[in-house]
Amino acid sequence: MIPLWIGIILTTLTAWGMFAIQQNSGFNFWFFCLSIPLLLGILLIAMGAASGTARWLYLNVDRSQQNDWPQHITLAFPLPLGLVSWFIQSFGSHIEGLKHTNVDEVIHAISLTKTIKEPLIVNVDDSDDGERVQIFIG
């Protein structure tokens with residue numbers, strides 16, 4: 001919901017600014033400069049709306065026994081699986097690692113991921129270094 005509301009606020013303020021500039025001095029340089037934040041706001045609205053039904057990737061990295069900083073990293077973001085499958089279908093033949101792979105099999109695996117109801121959880125625990133990684137897709 002946060003990207004959705006940031007996008008709505010950014011789009012509204014940018015559109016208001018573009019309207020004010022156009023009313024005062026017409027189509028000038030600053031009017032066209034505001035088109036970039038307007039498009040960014042529209043993109044955030046689209047991402048926020050799509051993330052409600054998209055699968056999410058959660059990544060937790062914990063390095064409790066090491067003195068490296070940061071010791072705990074957590075990332076979470078939506079996975080646009082439809083966009084990923086389109087990208088692989090369109091540009092998969094140009095990606096070095098996918099040249100020797102059947103792209104249709106990769107797209108089929110992505111489509112299966114969209115229909116699975118249970119989340120995918122991967123736990124990796126390295127007791128020697130004290131690193132623990134947890135990946136959750138669901």
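1. A helix here is a DSSP run of H or I with at least four residues, and helices are numbered from the N terminus. Under that convention, glutamine 22 lies in helix H1, which spans residues 2-25. The model is a predicted one.

2. Overall make-up. The chain contains 5 helices and 4 strands. Along the sequence these elements follow one another as α-α-α-β-β-α-α-β-β. Of the 138 residues in the chain, 21% are buried. The accessible surface is about 10,100 Å², and carbon and sulfur atoms contribute 67% of that area. Among contacts with a separation of 6 or more, 50% are between residues 24 or more positions apart.

3. The sheet. The 4 strands make an open sheet with antiparallel pairing, in the order S2-S1-S4-S3. Strand S2 (72-79) and strand S3 (120-126) are the edge strands, each with pairing on one side only. The average angle between neighbouring strands of this sheet is 5°, with direction ignored.

4. Strand S1. What does S1 pair with, and through how many bridges? Strand S1, residues 55-63, runs antiparallel to S2 and is joined to S2 by 8 bridges. Strand S4 (residues 131-137) is also antiparallel to S1, and 7 bridges join these two.

5. Serine 51. This residue sits in the loop between helix H3 (35-50) and S1. Is serine 51 buried or exposed? Serine 51 has a relative accessible area of 9%, so it counts as buried, the cut-off being under 20%. With residues up to four places away in sequence left out, serine 51 touches Trp56 and Pro78. Proline 3 is 48 residues from serine 51 along the chain, and the C-alpha atoms of the two are separated by 9.2 Å.

6. Glutamine 22. To return to the residue of point 1, glutamine 22 has a relative accessible area of 27% and is therefore partly exposed; that class runs between the 20% and 50% limits. Which residues does glutamine 22 contact, leaving aside its neighbours within four places in sequence? The contacts of glutamine 22 are with Phe27 and Phe31.

7. Isoleucine 95 is partly exposed, because its relative accessible area is 32%. Patch members need over 30% relative accessible area, a limit that the 32% of isoleucine 95 passes.

Key. Residues are numbered from 1 along each chain as its sequence is written. This is a predicted model: local features need pLDDT of at least 70, side-chain atom pairs count only at pLDDT 80 or more; totals for chains, interfaces and linings use all residues. Side-chain values use heavy atoms; hydrogens and water are left out. Two strands pair if DSSP finds at least two bridges between them. Axes are lines fitted to C-alpha atoms, for helices over the stretch in contact, and angles run from 0 to 180 degrees between N-to-C directions. Buried means under 20% relative accessible area, exposed over 50%, partly exposed in between (1.4 Å probe, protein chains only). Contact means heavy atoms within 4.5 Å. Accessible areas come from the Shrake-Rupley method with a 1.4 Å probe; for residues, only the protein chains shown count as cover.
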